[in-house]
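Hi everyone, thanks for making time.

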Amino acid sequence: MSQVRSQDGTLIAYQRSGNGRALILVDGALCSRAFGPSQKIAALLTQQFTVYAYDRRGRGESGDTPPYAPAREVEDIAALIEAAGGSAVLVGLSSGGALSLEAAASGLAVHKVVAYEPPYVDDSGERGGAAHKARLEHLLADGNRGGAVKYFMKDMVGAPAPLVVMMRLMPWIWRKLEAVAHTLPYDAAVMTAFRIPRARFASIGVPVLVLNGGKTDPRLRAAARTIADVVPAARYGELPGQTHNVKPGVLAPVVAEFFTGVAAVPGRS
């Protein structure tokens, strides 16, 4: 494990592996290097890239300096890019996809971006997306970390109630989710009330590949298509059979081909 110091002094933990152009993986909500898809995705890309998997601030072995702002997370990516030699490509999943797009819009030394299902589920403005952050903060202020995770999964993600109950019955997983529950408002802030920041994304000047799964929420599919229409140098793609929890072995070859023109070796994950 290595660390880089962000602009506000926060230490960001990361793991470097592989050889080739620098590629930074940007996780979605509740995930970290030790919990989520990053390790499997990294393993499938190390033959073609130097992969940087990191813990977003407040998670895993990274620090967390208040007050939070999405700009601080862009600065974290900037510090990682500097550690990687001054430029990189980004792969972002879910809210990490939105953060990767924001990093590109901020003018960081990013060559290309792959964004998988940025969850702009309230782009019509009809589902009260702006209220999610306030509700999460209220639950956390009451010390109800489990309630915040439940609210995120059931009311924001739309997971079926039986699935949430089943996950609560797996304490080895639920404890990990509760441990990073305080970062859920961070993701809500990154998502700009879950509405696509069209003007902001229209300023992105690098190639972008926006992806969704063939079995995903129709709102996520619509958001991916809209983002691809808004970003000037964007392409859109759909991965057949995939949901929001994309399989690393399906995603990695598409990422490699977009960045290099050569597909990665397919995996089983």
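Let me begin with a question: in which hand, left-handed or right-handed, does H5 pass H6? The crossing is right-handed, meaning that the near helix is turned clockwise from the far one by less than a right angle. Before going on, please keep in mind that this is a predicted model, where local features need pLDDT of at least 70, side-chain atom pairs count only at pLDDT 80 or more, and totals for chains, interfaces and linings use all residues. Residues are numbered from 1 along each chain as its sequence is written, and side-chain values use heavy atoms, with hydrogens and water left out.

Back to our pair. H5 and helix H6 (residues 161-168) have axes 9 Å apart and pack at about 155°. That makes H5 roughly antiparallel to H6, a label for angles over 145 degrees. From H5, Lys-150, Met-153 and Lys-154 make the contact, and from H6, Ala-161, Val-164, Met-167 and Arg-168; contact here is heavy atoms within 4.5 Å.

Now H7. The axes of H5 (residues 145-157) and H7 (residues 171-179) come within 9 Å and cross at roughly 95°. These two are therefore roughly perpendicular, the term for 65 to 115 degrees. Trp-174, Leu-177, Glu-178 and Ala-179 in H7 meet H5 residues including Arg-145 and Val-149.

Last stop, H11. Among its buried residues are Leu-251, Phe-258 and Phe-259, buried being under 20% relative accessible area with a 1.4 Å probe, protein chains only. After H11 comes Gly-261, with a positive phi near 85°.

Technical notes: Axes are lines fitted to C-alpha atoms, for helices over the stretch in contact, and angles run from 0 to 180 degrees between N-to-C directions. Helices (H or I, at least four residues) and strands (E, at least two) are DSSP runs, numbered from the N terminus. Angles under 35 degrees count as roughly parallel, over 145 as roughly antiparallel, 65 to 115 as roughly perpendicular and the rest as oblique. Buried means under 20% relative accessible area, exposed over 50%, partly exposed in between (1.4 Å probe, protein chains only).
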